[in-house]
Each structure stands twice: as C-alpha cells, then as structure tokens.
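Student: Could you go through this structure with me and show me how each conclusion is reached?
Tutor: Gladly, let's take it step by step.

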Amino acid sequence: MTKVTLEVNGKKVSKEVPDHTLLSVFLRDNLNLTGTHVGCDTSQCGACVVHVNGKSIKSCSTLATDVEGSKVTTIEGLAKNGKLHPMQAAFKKTHGLQCGYCTPGMVMSAVDLLQTKKNPSDQEIREWLEGNICRCTGYQNIVAAVKEAATKM
Amino acid sequence: MKSFNYHAPKDVKDATKLASSSSAFLAGGMTTIPSMKLGLASYKDVIDIKNIKKLSGIKVSGKTVTIGATTKHAEVAASKDVKKAIPALAKLAGNIGDAQVRNRGTIGGSISNNDPSACYPSACMALNAVIHTSKRKIDADKFFTGMFETALKSGELVEAVEFEIPEKADYQKHPNPASRYAIIGVFLAKHKKDVNVAVTGAKSCVYIDKDLSKKLSSNFSVSAIEGMEVKSSGMNSDMHASAEYRANLVSLYTKKAVEAC
C-alpha cells in the first residue's frame, strides 16, 4: 500500500491504495469520478484520457503512484460555475457525440491540442485524435467541434 | 493486474540495487503496464526510474546527440536541438503511437523492450548509436539481439542513447492504422563515409539492409537502387501485411527516404 496525494480538479486528495492501482481506477473507484471512462483497457481507445500537469495521458496505463504530487484534471474539472467548457459546448453544438462513451477522453485530448496549437487544421486535428477511438460519429462532427472550440478558446 | 511493490529510487545505484530476476524498471510504462494488465508479464517489484534526474534530457555536442533514457517522445519531437541536429529523429519521435503515448513513452523504454515494430531501434542502428547503460557502453548493432531481446543483463539499466549526427537522414514509416506501430519503417542515414538503411517491422528484429546500404554508399540516388529486389525470406507475414508486401514496402520506403534527403 502507498499513500497517493494528488490535486484533482483543484482539490487536494490523499488515499492509501495498493501499489498496482491504476490512475483510472483511483479516479473512478476511490474518488467516484466516473466521468473518466475505461474502454479498451489496453491504451488504444483513449476513453480514459485525463490531464496530468496539463498534458493529456491515458489514465488506464498509468499508475496512481507514478503521478504522486501531480495536478490532475478530469472531465469533471472542465466546467466552471455550471458553465460548460468551450470544448464541451462545441461538442454539444456540433453534435460531436452519439453514445457519448468516448466523449470525455475525446474532449480532454482535444483541449490539450488547443493548448499547444491554437488553430489546428482538419488534418492536424485528425492526427492528434489518433489515440481516441469513436464507434458512432464517423469523426466528422468531432473535427467540427474542435474547430468550433478553437474560435472560442 | 497482479499486485507488486512499487519503488521510486532517486539514483541509478539504488535502482539497480533493487533490481532482481523478478523486477522491472518502469519508465513511461506504455508497454510494461499493458503487458502486466494482460497477464503477459508479472513482477514482484516495479522500479520507477522517472525520479532519477540524470536520466532525462537532451545534449548536443559537436558530433553526437545524447538523449537520456527517460526523455519522452514528445520532448524529443519538440526539441529545437534535435530538430536542428537530426531532424529525422525528431520526425520519428513525433510519429510514435499517439499524442498521449508520446507524452508518457520514453526512448529508454522503447529500445529496452525492442519490439520488432518499434521505431527507435531503426534510428539507433542507422545513426551508429552507442547505448550507455549502468554497466557499460554497447554499440547498437550488438544491442538489439532478437525479438524483444537485447544485450541487457538482468538489473542493467539504459541511461542514455548517443546518436551520431549524420550528413543527411530520413525516416519513412508505414504505420499500422490502429496501433501506429511500423508495419515497416526505414531509417536512412547518410554519414560521411557510408550510408545505413535500417529496417524495422519487417523481420523479428531490426536490421541493416546491407545490399541497399552498399549501393547507396557508392551512389546516393534513387536510380542506384531502382530495380533492386528486396528478398521477402525471413520477413513477417500477418493479417496486416504479407512478407512479399513488406519486402516491396522496404524498397519503396527506402526510395522515399532517399528522395526526402
């Protein structure tokens, strides 16, 4: 067992967990932050993407102990004062989701893209979202959502 | 995933002291953790090396670029120093896996795992890399010994990879559309005296195509290798690509790399 202390969505949390606890498990089971989804569980689908110290990573392939002391942002941490984050609003507006399973990871990944590149091209958006798989939309509206968000962020 | 004891030592000495026949070093964990989750590997001790400061960073000297073992792919891809000294290496790092894998995965982890389809081993071979470990220095052509096998002994830790700066170089990859691993990847490097064509993804382990390298060493042009047959014997054949298809890709991507230089 190891004590893991993180700042999750601006709030300091500390839990004693088995050493092999994944960050995705820590968030979902220990903190009840179930917005972070687990899809493939083999680090291909990207449903589990969260930010660690501002960078997007796959939480299902990262140990909670490995990110000790880090700042973690999950999908629950994006909306402020009941107002959707511009990326969430853009996904809603352009209908960038259907079943919604991949959406938390898709949104977190896309937010990271716009942090590094303000006005990405369609091609750059598609390349960046390579690690996020969506079975419903065919991606067109997701790309449209990221472009829409780019005008607001 | 089976339970294990997690350790995060602060220096190489402590890390190697903790190592045993039932331990693993953990860097980015992009292969180690999925392997443990799938039950393909289990360890008593997992030794996280990311807190060892001297293992991370990029140094360029006159003739070489040295990249610390825990340096992430995203860092190599974005490095101005690497882009200036060996742009092909920055390009290679920027196309490994996906953005999230590049934010975690490391060069030391990639070469220690020696996946037959990994990108970095081809750069090591073509750029006459020297692998610095906790015990010794190993030339790349002696380091990669077989499928998922390296010359590393139990408890030996990769500390850095030192690449020779070439006159010109390029990396061409035909990625698997799902995993982005190389179905084949060709790292071409033109040094002062000779040319190296290193191939990954085609066989059970990265290798130098001696025939293509020899031809291009005497005449560095597409026409020098036009019509040259790359033999498919010993090449991987799977649901993604037959051996014959891979052989054709090696030829095609070598030409693309020459054109890009």
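This is a predicted model: local features need pLDDT of at least 70, side-chain atom pairs count only at pLDDT 80 or more; totals for chains, interfaces and linings use all residues.

Student: How do you know that domain 1 of chain A is in contact with domain 2 of chain A?
Tutor: Two residues count as in contact if their C-beta atoms lie within 7 Å. By that test, 16 residues of domain 1 of chain A are in contact with 12 residues of domain 2 of chain A. On the domain 1 side, strand S3 of chain A gives the largest share, 3 residues. That side has 6 nonpolar, 9 polar and 1 charged residues.

Student: How many residues does each chain bring to the contact between chain A and chain B?
Tutor: There, 23 residues of chain A are in contact with 21 residues of chain B. Strand S4 of chain A, residues 55-58, supplies the largest share of the chain A side, with 4 residues. By class, the chain A side has 5 nonpolar, 12 polar and 6 charged residues.

Student: Why does the radius of gyration of chain B agree with that of a compact globule?
Tutor: A compact globule of 261 residues would have a radius of gyration near 18 Å, and chain B has 18 Å, so the value agrees.

Student: What makes a residue of chain B count as buried, and what percentage do?
Tutor: A residue is buried if 20 or more other C-beta atoms lie within 10 Å of its own. In chain B, 50% of the 261 residues count as buried.

How values were computed: Residues are numbered from 1 along each chain as its sequence is written. Chains are lettered from A and ligands numbered from 1 in the order in which they are written. The radius of gyration is taken over C-alpha atoms; the globule rule is 2.2 Å times the number of residues to the power 0.38. A residue is buried if 20 or more other C-beta atoms lie within 10 Å of its own, exposed if 12 or fewer, and partly exposed in between; C-beta atoms are placed from the backbone. Helices (H or I, at least four residues) and strands (E, at least two) are DSSP runs, numbered from the N terminus. Ala, Val, Leu, Ile, Met, Phe, Trp, Tyr, Cys and Pro count as nonpolar, Asp, Glu, Lys and Arg as charged, and the others, Gly among them, as polar.
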